[in-house]
Amino acid sequence: MPIDADLVGRAFPPTAPVEVTADSVAAFATSVGGRADGPVPPTYPIVVTFAALQDFLAAEQIELSRIVHGDQRFRYARPVVVGDELTATLTVTGVRSIGGNDIIATSSDITDATGAVVATATATLVHRGGAA
């Protein structure tokens, strides 16, 4: 089923807070081939943005197995640090169809416990069309 273009502009509820701990940073850094004892990796916010994506997919009844991640970018207001409590609010910023597939653009504001924006993550997702 095609993605409804009326989703453009719709913001989904914020995720549950994710605490940035030394252990979670070390595990993430190790999983991406970084140093477990270094600073928070710049891609760490994917932890909370992926939760926002999963919430969006569940709300719209879209199967994760039909999604191909096309692009991901982070724009920072400040670095993520251990002790932050982060949430993400995903907004659909674009929907278009190409060759039977839907291209979904999203933007997720990642905020700390005070509500200040730490980073904004943008993503392009490809929703694979059904089999012919």
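**Exercise 1.** Which residue in E3 is the bridge partner of Glu 19? Describe the strand pairing around E3.

*Solution.* The model is a predicted one.

Step 1. Take strand E1, residues 18-19, and strand E3, residues 85-98; the two pair in the antiparallel sense, over two bridges.

Step 2. Within this pairing, Glu 19 has Glu 85 of E3 as its bridge partner.

Step 3. E3 also pairs with strand E4, residues 101-111, in the antiparallel sense and over 11 bridges.

**Exercise 2.** Examine the hairpin of E3 and E4. Which residue stands opposite Asn 101, and which residue takes a positive phi?

*Solution.* 

Step 1. Asn 101 in E4 has Ile 98 standing opposite.

**Exercise 3.** Determine why the buried residues of helix H1 line one face of the helix, and identify the element against which they pack.

*Solution.* 

Step 1. List the buried residues, with under 20% relative accessible area as the criterion. In H1, residues 22-31, they are Val 25, Ala 26, Phe 28 and Ala 29.

Step 2. Viewed down the axis of H1, these buried residues fall within an arc of 165°, and therefore they line one face of the helix. In general, an α-helix has 3.6 residues a turn, so residues three or four places apart point the same way.

Step 3. Inspect the other side of H1, where Asp 23, Thr 30 and Ser 31 are exposed.

Step 4. The buried residues of H1 pack against helix H2 (46-59).

Step 5. Just after H1, Gly 33 takes a positive phi of about 85°.

Notes: Residues numbered from 1 in each chain as written. Predicted model: local features only at pLDDT ≥ 70, side-chain atom pairs only at ≥ 80, totals over all residues. Heavy atoms only, no water. Pairing = 2+ DSSP bridges. Helix = DSSP H or I, 4+ residues; strand = E, 2+ residues; numbered from the N terminus. Buried < 20%, exposed > 50% of the residue type's maximum accessible area, 1.4 Å probe, protein only. Arc of directions from axis to C-beta. Contact = heavy atoms within 4.5 Å.
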